[in-house]
Amino acid sequence: MLGIDLDEYQFYDINIINPALCFSLLCFNIFLVGYIWPKRTSFILTKMHVVPIKGLSVVLIILLVLFGVLMRDKLNERVEGIKGIEYSIFGHLMNVLYALIIQQAWNALLMKRMYTIKLFFKSFNLVTWLTVFFVTLYVLNAGGRSVVIAVLMLFFYLYIIFRKVKLSFIKVLITMVVLAIITSLLKIFGGIGYFFTPDFSDIGSSLEWGYEVYNKVHPSIIPMTDELARSVYSYNILYDAWTNDHSMNMTSLIISFVRLIPGGVRLLQYFYPIESADLNSSDFATEYANETYGVGTTVIGDALINGGWLFCIVMIFFLGWCFSKVDYMIQRKDITFNLFVLGCVCYMNVVFLCRGSIGNIITNYFYILMILYLNRKINIFTSKE
């Protein structure tokens with residue numbers, strides 16, 4: 001709340017604050033009910049052979065080089081600002097990278113590797129680490145954070161699974177606070193290129209300058225939490241739209257499956273006149289509130305405006321059940337391939353899920369599964385040759 005813009009009225013409508021808050025609290029409790037729901041204790045370990053990753057590595061290199069060539073004149077452009085073919089290639093690049101990481105982790109699991117830090121790092125090939133390095137450098141230099149956080153969460157999740165380590169609450173808390181401060185500062189400065197001076201001697205002045213600039217754009221007590229505060233605004237917009245009988249009729253969720261087809265959304269727009277406000281709840285909320293900037297969305301608001309209160313409650317319950325199922329499966333050391341992939345997708349998106357759409361997980365999950373199964377089939381076919 002300390003991040004609320006002091007010059008704007010960010011609750012949208014004072015009359016819906018209480019009912020909107022009560023509904024979000026209801027959904028939180030439904031999530032917990034789904035999480036503690038009794039689970040079946042029988043699991044079958046998927047007997048899948050180690051799948052070669054040479055093909056995925058080659059595809060990743062091609063996408064990385066292609067993206068680098070297209071973006072060579074836009075190195076300082078924000079990732080969120082990429083449009084057109086560059087944005088599409090970057091999306092495919094990241095999904096192939098996620099698939100490659102997950103497949104190598106699964107291979108290591110079958111070979112009973114990753115039980116030391118050295119083996120953990122060696123379980124991923126050089127192509128993976130080079131891609132992670134270049135993507136991280138590019139994203140941070142552009143002032144972005146989401147992709148880097150997703151990759152870090154994925155590796156952290158895999159590390160916990162295979163090392164079977166127990167981390168103290170204090171260590172986790174300190175790590176989260178440090179990372180949150182660093183990523184917030186990067187957001188303020190607009191990228192690592194503005195964060196450090198050439199001789200590292202003027203960091204104090206850079207901090208003061210960056211804070212003043214950011215505070216002019218987002219005037220509040222703590223401008224670093226401005227984006228979180230705006231989620232309240234976004235949720236209230238969607239809640240108000242729902243109470244006034246507006247609905248997206250599941251359009252944005254359907255689009256999540258259309259995105260599995262490369263160029264599928266553009267092809268759909270070519271044959272059918274569909275507006276951007278029909279593609280996602282963020283654009284819908286922006287248009288509904290007549291704002292000049294993207295107001296964003298929330299997972300509850302997105303589900304509410306798509307399918308109503310009953311759909312929202314069922315989805316939140318299933319989400320809680322899904323997280324618990326994955327956790328329970330990992331604790332029992334019985335891992336099926338599909339649930340393993342689902343766990344990876346859920347946890348690499350967990351930081352953004354509340355301020356995003358369930359459609360993001362749907363698209364990521366099925367897209368990565370599609371890549372992995374295609375890679376498996378191709379390797380089976382070529383091995384028979």
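Keep in mind that the model is predicted.

I'll start with the whole chain. The protein has 17 helices and 0 strands. It runs to 385 residues, and 46% of them count as buried. Take the contacts between residues at least 6 apart in sequence: 76% of these join residues at least 24 apart.

Next, helix α2, which covers residues 54-70. The buried residues in α2 are L56, S57, L60, L63 and F67. Looking down the axis of α2, these buried residues fall within an arc of 130°, so they line one face of the helix. On the face of α2 turned away from the buried side, you find the exposed residues K54, I62 and V65.

Now a helix pair. Helix α5 is residues 126-141 and helix α6 is residues 146-163; their axes come within 9 Å and cross at roughly 145°. Which residues make the contact? From α5 there are T128, W129, V132, V135, T136, V139 and L140, and they meet V147, V148, V151 and F155 of α6. By type, that contact has 9 nonpolar residues, 2 polar and no charged.

V151 has 7% relative accessibility; under 20% is buried, so V151 counts as buried. Setting aside residues up to four places away in sequence, V151 touches M94, Y98 and V132. Of that group, M94 is 57 residues from V151 in sequence, yet the two C-alpha atoms are 9.2 Å apart.

Y98 brings us to the cores. The largest nonpolar core has 82 residues, and the members touching the most others are Y98, L158, F340, V341 and I368. What does I368 contact, apart from its neighbours within four places in sequence? The list is N95, Y98, A99, I102, V341, V345 and M348. There is also a second, separate core of 10 residues, with Y233, L238, A289 and I305 among them.

Not counting residues up to four places away in sequence, S234 touches V295, G296, T297 and T298.

α10 is 226-243, α11 is 251-258, and D245 sits in the loop between them. N249 lies in the loop between α10 and α11 as well. N249 is not a glycine either, and has a positive phi of about 55°. Are these residues buried or exposed? D245 has a relative accessible area of 72% and is exposed. N249, at 56% relative accessibility, also counts as exposed, because the cut-off is over 50%.

That is where I'll stop.

Key
Residues numbered from 1 in each chain as written. Predicted model: local features only at pLDDT ≥ 70, side-chain atom pairs only at ≥ 80, totals over all residues. Heavy atoms only, no water. Helix = DSSP H or I, 4+ residues; strand = E, 2+ residues; numbered from the N terminus. Expected span 1.5 Å × (residues − 1). Buried < 20%, exposed > 50% of the residue type's maximum accessible area, 1.4 Å probe, protein only. Arc of directions from axis to C-beta. Axes fitted to C-alpha atoms, helices over the stretch in contact; angles between N-to-C directions. Contact = heavy atoms within 4.5 Å. Nonpolar A, V, L, I, M, F, W, Y, C, P; charged D, E, K, R; others polar. Core = buried A, V, L, I, M, F, W, Y, C linked by side-chain atoms within 4.5 Å.
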